[in-house]
Amino acid sequence: ERLLRARVLSVPRDADALVALGDIVAQKGALGEATALFHRAVALAPGAHSVRLHLSELHARQAHYPMALSLLRQVPPEHRRSFDMRAREAALLGQVGRRDEEIDLYRELAAEQPKNPHLWLTLGTALNYAGRRDEAVEALRRAIRLQPTFGEPWWSLANLKSFRFDKRDIAAMESALRGELRPIDALHFHFALGRAFEGRGEHEKCFEHYSAGNRLRASSLTPAQMFVTTFIDAQIATFTPALLDHYN
């Protein structure tokens, strides 16, 4: 890094040095500085499409979605025809609220990889955000048929407004939980079942599954991610039954 900084100071138009330095500072988490360095590099080498794509990704990591999409679309079409590039473009279209374009692109990708459950999940999510509930259900159901042990589509169904699981759905989720699942899939199944039983008024079963899901979630958290615990403990200590009774 010291050598590259010295190089950039002495030869400020060295695009390769700017990119190399940008990579290093990005790895250290200094995304703002890395972004500025990559912008300088792109200005010096406008035909460096790989650099522009990397810059687009840097902006996306900072939630600068309009800029990320703009940079991506400045790359000639022949350089962004790959599946991954079109998937990235579809995701950015969704982030800026261009839902119809997002959905059209995801449908195009799904036609190419019809057995990809993650793709059908993403399409279902996009359709839900666009208010196309029936189509969303169809896409999520397809993800489930392709991979019945994939928990996230079940949880996405649970989050659809006015959607209700039937008995066959509940039986399928309970059956999946009895098998071998990744912890993240088991977590989604538990939360989906919690929502299912909540909708049926079976509150004891509902909270059994919510508790099981939360135990799985807690087991995956690092100490740095547990900062909210102190805040919640303070609330519990403050809002005692005596205090609440006083205001009732």
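User: In which helix does Ser-156 lie?

Analyst: Ser-156 lies in helix H10, residues 151–158, where helices (H or I, at least four residues) and strands (E, at least two) are DSSP runs numbered from the N terminus. This is a predicted model, in which local features need pLDDT of at least 70 and side-chain atom pairs count only at pLDDT 80 or more, while totals for chains, interfaces and linings use all residues. Residues are numbered from 1 along each chain as its sequence is written, and side-chain values use heavy atoms, with hydrogens and water left out.

User: Why is Ser-156 called buried?

Analyst: The relative accessible area of Ser-156 is 16%, and buried means under 20%, exposed over 50% and partly exposed in between (1.4 Å probe, protein chains only), so Ser-156 counts as buried. Leaving aside neighbours within four places in sequence, Ser-156 is in contact with Leu-121, Thr-125 and Leu-140, contact meaning heavy atoms within 4.5 Å.

User: What makes Pro-183 exposed, and what makes Ala-87 partly exposed?

Analyst: Pro-183, which is found in helix H12 (residues 183–199), has a relative accessibility of 57% and therefore counts as exposed. Ala-87, placed in helix H6, has a relative accessibility of 22% and therefore counts as partly exposed.

User: Which residues line the largest pocket nearest its centre, and which helices supply its lining?

Analyst: The lining has 13 residues, of which Ala-91, Leu-92, Gln-95, Glu-102 and Tyr-106 lie nearest the centre. Helix H6 (83–95), helix H7 (99–112) and helix H8 (117–129) each supply at least two residues of this lining, and the largest share, 5 residues, comes from H6.

User: How do you know what counts as a pocket, and how much space lies in the largest one?

Analyst: On a 1 Å grid over the protein atoms alone, a cavity is a set of points where a 1.4 Å probe fits but cannot get out, whereas a pocket is an open set with protein on both sides within 12 Å along at least five of seven lines, and lining residues have an atom within 4 Å of a point. Grid points are joined across faces, edges and corners, and a volume is the space filled by probe spheres set on the points; about 210 Å³ lies in the largest pocket.

User: Why is the protein chain called more spread out than a compact globule?

Analyst: The protein chain has 15 helices and 0 strands. Its radius of gyration is 24 Å, well over the 18 Å that the globule rule gives for 248 residues, so the chain is more spread out than a compact globule; the radius is taken over C-alpha atoms, and the rule is 2.2 Å times the number of residues to the power 0.38. Along its principal axes the C-alpha trace spans about 70 × 50 × 35 Å, and buried residues make up 36% of the 248 residues.

User: What makes the phi of Ala-63 and the phi of Ser-162 worth a look?

Analyst: Most residues other than glycine have a negative phi. Phi of Ala-63 is near 65°, a positive value in a residue other than glycine, and phi of Ser-162 is near 70°, also positive in a residue other than glycine. Ala-63 is found in the loop between helix H4 (49–61) and helix H5 (65–74), and at 43% relative accessibility counts as partly exposed. Ser-162 is placed in the loop between H10 and helix H11 (167–177), and with a relative accessible area of 59% is exposed.
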